[in-house]
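I opened the file to go through one chain. My notes follow in the order in which I looked things up.

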Amino acid sequence: MGMLSRTDEMILLAVWRLGDNAYGVTIAEMLTQTSGKKWVLGAVYVPLERLEKKKYLSSILGKSTRKRGGRSKRLYKLTKDGLDVLIETKSREQSIWANITISSLEKGYDT
Amino acid sequence: MIHKIKEPQPSRFSKWLIKRIFKDEGEVKLGDFIEIYSTLVEEKGWLQSRLRFWGYLIRSMPEYFKDFLCMGGTMFKNYIKIAFRNLKRNKGYSAINITGLAVGIVCFVLMFLYVRFELSFDNFHKNGDQIYRFYKKRQVEGTAYLGNPYFTSTAAPLAPALKEEYPEVVNSTRISRLNNVLLVHQEKRLYEQGLWADNQFLKIFSFPLRQGNLEKALAEPDSMVVTQRLAEKFFGLEDPMGEIITFRNTDFRVTGILENIPAHSHLRFDFLVSFINLKDLRRHGLEDWYSNSDTTYIQLGQGYDYRELENKLPVFLDKYAPKRYANYAGFLQPLKKIHLHSFFNFDIAVTNDINNIYMFSAVALIILIIACINYMNLATARSFQRAKEVGMRKVVGAVRRQIIRQFLGEAVFLAGLALLGALALVKFILPLFNSFTQHDLQLNILKNPGIILVLFALVILVGHISGSYPAVFLSAVNPIKVLKKEAFGSRKGTFMRNVLVTFQFSTSIILIVCTIVVYGQLKFIKNKDIGFSREHVVTLRIKDDVIYENIESIKNTLAQHPNVHNISTSNYLPIDIANRSDATAINEEKQDVKVSIYHASIDFNYLDTFDIKLLQGRNFSPEFSMDKEQSLILNETAVRHLGWKNPIGKRMQFNRKDFVVIGVVKDFHYQPLHLPIEPMALHMEEDWHFELAVRIKPENIPQTIAFLKKTYEQYNPRHPFDFAFLDDSFNRIYQEEQKFGSMFRVFSFLAIFIACLGLYGLASFTAERRTKEIGIRKVLGASISGIFMLLSRGLSKWVLLANIIAWPVAYYFMNKWLQNFAYRVGLSIWIFILSGLAAFCIALLTVSFQSIKAAAANPVDSLRYE
C-alpha cells in the first residue's frame with residue numbers, strides 16, 4: 001500500500017474522529033482545530049474526492065437541514081482500506097520516531 | 001405542502017459562483033457554504049457576515065485550484081521552472097520560436113480585426129433582416145455593359161409601385177446619390193456626400209435622429225437632414241434646426257440632425273435632401289419609368305420570404321413597365337449581403353469582394369501555421385535534449401498524459417509570450433494597415449473585453465497546434481532506452497520534420513509566384529500601348545455653369561500660352577467611355593446589323609489632344625458644317641464587327657439619328673484592360689462637355705498649372721480648380737490590383753522570413769549535433785566544400801519537392817486571377833522556375849551560414865572535449 005501525504009493523513013484522521021458526522025464543514029473545522037492552521041472548505045474538497053477515488057473513503061448523501069438552505073450533506077466514512085492505511089502510517093511513524101524524544105533531539109544540535 | 005424555508009441566504013451571485021467553480025453534484029458543496037454563512041449570521045450581523053462570507057469564499061478558491069492543479073501545485077511549479085530554464089538555456093531557439101509565432105499572431109490579429117469589421121456591415125439596422133435592395137439583370141446575350149449585366153439603378157416610380165402592388169411590402173424607398181456637391185451657408189462652402197431621400201428612408205433604415213421629427217423630417221420639399229458632423233462644421237455649437245443651407249440654387253431648411261453615420265454602413269453620406277425636390281429638376285418628373293438613377297429598397301413584412309416576391313417580379317414589371325423592362329429581370333438582394341456580395345454597375349454602396357476576405361484570412365492563417373511548424377520542428381529536433389528529462393520523469397512515475405500536458409503547457413506558455421510581443425507589434429503596424437485598407441480599425445482591449453477571450457483562445461489554440469506533435473513525439477520516449485543513452489527516434493522525427501519544411505517552402509513559393517505574377521501584370525498594364533498618350537495631360541471636370549457658358553473664351557485664352565499644346569472638351573475622357581447605345585447599320589451583304597456601341601461626344605481637338613491615331617478618312621473639322629450634326633468616327637473593332645471593307649461614307653443609326661462615317665481610328669483602350677475592346681464611335685452630338693483636357697509641354701509644369709488655375713479663377717466659379725493628371729487617373733483604375741500586389745509582397749516576405757527562421761534553427765542544430773562527425777571527417781581529409789555539400793544536400797531534395805507541390809497550386813490560382821483581364825501577361829514557366837530558385841537560394845543561404853561555420857571549424861576544438 002502506498003504512502004499517504006500529510007494532507008491525506010490529516011483528512012483521514014479527521015473523518016475517523018468525526019465518526020457519523022464527517023462532512024465538508026465539520027471536516028474543515030476539525031482540521032482547523034487539530035492543525036492550528038485555518039482550513040477553508042475549498043481546501044478539503046479536492047483531497048476528499050481524491051481519497052474517495054482511491055477507495056480510502058466512502059460517502060453517502062445525508063439529511064438536509066434548515067441551516068443548509070435545504071441542501072443535503074455528503075457524509076464521509078473510512079473504508080477498510082482507509083483504516084488499514086492509517087494503521088500502517090501510524091506504525092511506520094512510530095518506528096521512524098522510535099526512541100526519539102524532543103530532549104534527545106535537542107542534544108544532537110551542533111553548536 | 002412545501003414550506004419555503006426563510007433562512008438567511010448568501011447573495012445569488014455568490015451562489016452562482018460556488019456552483020460554477022466547485023463541480024457541485026446535488027448542491028452538496030453549496031449546502032456546506034450556506035451552512036458556513038448561517039453560522040456567520042448567527043454570530044455576527046447581516047452585513048458583516050456577508051463581507052466575511054465573501055472573504056471566506058475568495059480564500060477558498062485558490063486553495064481549491066492549488067490542489068486541483070496536478071498534485072497540489074508542486075508539479076505545476078516544476079513545469080514552469082523547467083519551461084523557464086529551457087527558455088533561458090536555449091536563448092536562440094526561444095527567440096526564433098517567439099519571433100515566428102509573434103509575426104504569425106500579428107497576421108492573425110490584423111486579419112481578425114479586418115474580417116470582423118467587414119462582416120459587421122449594416123448590422124445596426126433594427127429591421128435589417130427585412131430590408132432588400134432591388135437589382136436588375138439585362139438579359140440580352142453578349143451585350144453586357146462593361147462586361148457586367150447587373151445593375152442596381154432603377155426607375156424612380158418603382159419603389160412606390162412595389163408598395164402599392166404587394167401587401168407584403170410594408171414600406172419602400174428610393175435614393176439617389178450626390179457625390180461631392182457644394183453646400184453653402186452664408187460664407188461657408190463645403191463639398192459633401194449626400195443622398196436624395198424621402199421620409200420612408202429614415203423609417204426603413206435605423207440611422208438615429210438626434211433632433212427632428214422622424215415622421216416628417218423629409219416629408220416636405222426643401223427639407224434637409226444633416227449629420228452631427230456636418231452640423232458642427234456649418235454651425236459650430238449653435239442649434240442648426242431651422243437654419244438654411246443652399247444647394248443647387250435652392251434654399252433647404254434643416255429639419256433634422258442625424259447621429260454620424262457609422263463606418264460599417266454600406267451607405268455613406270453626410271446629408272439627406274428631400275426626394276420630392278427632384279420632381280422639378282428631372283425632365284420627366286418622378287413618374288418616368290425610363291429614369292435610371294435611383295436605388296430602390298423595400299421592407300418586407302415579418303416572416304415573408306423574399307424569394308416568393310422575387311418570383312412575382314416578372315409579372316409586376318410586365319404590368320408597370322412592359323417596354324422599359326422588356327430586356328430585364330428583377331431580383332432582390334438582402335441588406336446584409338450588400339457589402340460583400342455585390343457585383344453591380346453604378347453601385348452606390350461601399351462594397352468589398354467576399355473573395356478578398358477569404359483570401360486574406362487564408363493567407364494569414366497559413367502564415368500562422370508556418371510559425372507553428374517552426375515550433376514543431378525545433379522542438380522535435382531538440383528532443384534528444386529533453387528525452388532524458390522525459391525518461392527521468394517516467395521513471396519517477398509520470399504517466400504519458402502528464403508529459404503530454406507538460407509539453408502542451410510549455411507551447412502555450414511560449415505562445416503567450418509571443419502574444420505579448422505581437423500585441424506590441426500590432427500597436428505599431430495597425431496605423432499602416434489602416435492606411436492600406438482605408439479602414440479605421442482599433443485594437444482596444446479595455447473597451448472591448450470580447451477580444452481578450454479571442455486572444456486567449458488563440459494562444460491556447462496556437463499552443464496546442466504547435467505543441468501537439470512534439471508532445472506526442474516526446475511522451476513516447478522509452479525511458480530504459482533513453483537512460484541507457486541509446487539513439488532515440490531520430491529517423492522518424494527527421495522525416496516528419498522534412499515534410500513540414502516542405503510544406504513551409506511550398507506555401508512560400510506559391511506566395512512568391514503570386515507576387516511575381518501580380519507585379520508582372522501591373523507592369524504589363526503600365527507599359528502597354530493603350531492607343532493614346534496619357535502623359536502631360538491635365539484634366540478638370542467642369543461643375544460650374546459660369547465656366548460652362550464661357551468655355552470657348554477660356555479655350556482661346558489657354559491656347560495662347562506657349563506651354564499649352566492642345567485643349568479639348570468632351571463628355572468622356574478616353575480612359576473611360578461608358579455611354580452605350582444600340583445602333584443599326586447595313587453591312588456589305590445589304591443585311592441589317594445590330595450592334596451595341598459605346599460612344600462619346602467630342603470636339604475638333606480630341607484626337608490631337610490625346611494622340612489618337614486616325615487610320616482612314618479624316619478628323620472632324622470646322623470646315624465641314626455637317627460634322628456637328630451627322631459625322632461619325634468609328635474604331636477598328638466597330639468596322640470589323642460590321643464587316644465593312646470600305647467604311648468611309650457608310651451610314652449608321654443610333655440615338656434616333658442618322659450618321660455618316662467619316663473616319664476610322666486605331667483601337668484604343670477606352671475601358672480598363674479587364675475588358676476587351678468593343679465597337680466604339682466618336683461624334684459631335686450636343687451633350688454636356690464637362691471634361692476639359694489640356695495637353696501641356698513637359699517643361700515648366702508648375703507654371704503652366706498656375707496659369708490654368710489663374711485663367712479658371714478669373715470667372716469666379718464656386719468650385720475650386722480641382723485638376724488631375726490623366727496618367728494618375730489611369731493608374732487609379734488599377735488601385736485594387738496594386739493593393740493586391742503589395743499584400744502578396746508583404747505576405748510572401750513574411751512567409752519566407754518565418755520559414756527561414758525555422759530552417760536556420762534546424763541547420764544550426766544539425767551542425768551542432770554533428771560537430772564530432774565533422775571533426776573526424778576533417779581529420780580524415782574532408783574538404784570544407786565537401787562538408788558543406790554534406791550538410792546542405794538533404795535540403796535540396798525537399799525544396800525541389802516543395803516546388804513540385806507549389807507550382808500547380810500557384811498556376812491554378814494565378815491563372816484564375818489573370819482571367820479577370822482581357823489583356824494579360826502569359827504565365828511563363830520562368831516565373832515558376834525563378835520563384836523556386838529564389839526560394840532555394842534563400843534556403844541555402846540560411847543553411848550555409850551554419851554549415852560553413854561548422855565546416856570551417858578546427859577539428860581540434862570539436863574533438864577536444866570528452
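Which residue in β22(B) is the bridge partner of B:Ser570? I found B:Glu691.

I note that this is a predicted model, in which local features need pLDDT of at least 70, side-chain atom pairs count only at pLDDT 80 or more, and totals for chains, interfaces and linings use all residues. Residues are numbered from 1 along each chain as its sequence is written, and chains are lettered from A and ligands numbered from 1 in the order in which they are written.

Sheet. I then followed the strands (DSSP runs of E, at least two residues, numbered from the N terminus). β14(B) and β22 (residues 691-696) of chain B run antiparallel and are joined by six bridges; pairing requires at least two DSSP bridges between two strands. The open sheet holds four strands in the order β14-β22-β13-β23 (chain B), paired antiparallel. β14 (564-570) and β23 (723-725) of chain B are the edges, each with a single partner strand, so one side of each has no neighbour in the sheet.

Helices. I checked what lies across the strands (helices are DSSP runs of H or I, at least four residues). Helix α18 (residues 551-559) of chain B lies across β14 and β22 of chain B, at about 165° to β14(B). Helix α23 (residues 726-733) of chain B lies across β13 (537-541) and β23 of chain B, at about 75° to β23(B). Axes are lines fitted to C-alpha atoms, for helices over the stretch in contact (C-beta atoms, placed from the backbone, within 7 Å); angles run from 0 to 180 degrees between N-to-C directions.

Contacts. I listed what B:Ile367 touches, leaving out residues up to four places away in sequence: B:Gly104, B:Cys107, B:Phe747, B:Leu750, B:Ala751 and B:Ile754.

Conventions: Two residues are in contact if their C-beta atoms, placed from the backbone, lie within 7 Å.
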